[in-house]
Amino acid sequence: MDNLLRILMDQPFITFVLKGIPMLTRTSRHALNVVTLVAAQASTTSLTTKRMSEELGLSVSYLEGILKDLKSAGVLCAFKGPGGGYQLNQDPRFLNVWEVLSVFVKTPSVPESARTSEDLGVAELEAAFLEQSVEFLKSKKIAEFAGQLSNGALTSSAKAAGRFKLKPL
């Protein structure tokens, strides 16, 4: 876990953390990017699906599925009409990374197929690693990453791709 922590502290955006954790999906990583982008907005500003699609380079239809799940889970709220869009349901200083990811990923456990004595030791080791990963993700708040986005700090690959066109506040 020390290596993961060091990597997290060295990187300005969140998706890099998730690539090495086997329990996470591409959709959960995109959802985390969505929530981070929404959190980077002023608390009185809603973010439209179209703008999120442009900023993240995701199709509107794919993004709508992610937004629906996040809204159903109570992470985001939607506002209709002029000035409408999405906002966080809670302060990003109190919303942790795992709360977002758990909408899309089940909490890992030792699989039933690994209950034999030969496999149990490895399965327990894997379960301990995954449990520590979850605890680590619970310790990270969305505000940490949203603050970096609002200050214009992005990964070099995102800057090179031109996917984020965030303006400084």
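This report describes the confidence, helix packing and strand pairing of a predicted protein model.

## Confidence of the model

The structure is a predicted model, and its mean pLDDT is 74, with 64% of the residues reaching 70 or more. Confidence is highest in helix H5 (residues 60-72), where the mean is 96. The lowest value belongs to helix H9 (residues 156-161), with a mean of 38.

Two stretches call for caution. Over residues 1-20 the pLDDT stays under 50, and the model gives this stretch 44 contacts beyond four places in sequence. Residues 153-169 also have a pLDDT below 50, with 27 contacts in the model beyond near neighbours in sequence. Where pLDDT is low, the predicted coordinates should not be read in detail.

## Helix H3 against helix H4

Helix H3 covers residues 26-40 and helix H4 covers residues 49-56; their axes come within 11 Å and cross at roughly 115°. The two helices are therefore roughly perpendicular to each other, and their crossing is right-handed.

On the H3 side, the contact is made by Asn33, Val34, Leu37 and Val38, while H4 contributes Met52, Glu55 and Leu56. Sorted by class, the residues of this contact are 5 nonpolar, 1 polar and 1 charged.

## Helix H3 against helix H5

Helix H3 also meets H5. Their axes come within 10 Å and cross at roughly 75°, and H3 and H5 are therefore roughly perpendicular to each other.

From H3, the residues in this contact are Arg26, Thr27, His30, Ala31, Val34 and Val35; from H5 they are Tyr62, Leu63, Ile66, Leu67 and Leu70. The contact of H3 with H5 holds 8 nonpolar, 2 polar and 1 charged residues. Val34 of H3 takes part in the contact with H5 and is also listed in the contact with H4.

## Helix H4 against helix H5

Helices H4 and H5 pack against each other too, at an angle of about 110° and with their axes 10 Å apart. That angle makes H4 roughly perpendicular to H5. H4 passes H5 in a right-handed crossing.

In this contact, Thr49, Met52 and Ser53 of H4 meet Val60, Leu63, Glu64 and Leu67 of H5. By class, these residues divide into 4 nonpolar, 2 polar and 1 charged.

Strand E1 (residues 76-79) and strand E2 (residues 85-88) run antiparallel and are joined by 4 bridges. Within this pairing, Cys77 has Gln87 of E2 as its bridge partner.

The hairpin of E1 and E2 has 5 residues between the strands, and Gly81 takes a positive phi near 90° there. In a regular strand the side chains alternate between the two faces of the sheet.

## Proline 92 in the following loop

Pro92 lies in the loop between E2 and helix H6 (97-101). Pro92 and Ala40 are 52 residues apart in sequence, yet their C-alpha atoms are 9.0 Å apart in space.

Apart from neighbours within four places in sequence, Pro92 is in contact with Ala39, Lys141, Ile142 and Ala143.

Notes
Residues numbered from 1 in each chain as written. Predicted model: local features only at pLDDT ≥ 70, side-chain atom pairs only at ≥ 80, totals over all residues. Heavy atoms only, no water. Axes fitted to C-alpha atoms, helices over the stretch in contact; angles between N-to-C directions. Parallel < 35°, antiparallel > 145°, perpendicular 65-115°, else oblique. Left-handed = near helix turned anticlockwise from the far one by under 90°. Contact = heavy atoms within 4.5 Å. Nonpolar A, V, L, I, M, F, W, Y, C, P; charged D, E, K, R; others polar. pLDDT = per-residue confidence, 0-100. Pairing = 2+ DSSP bridges.
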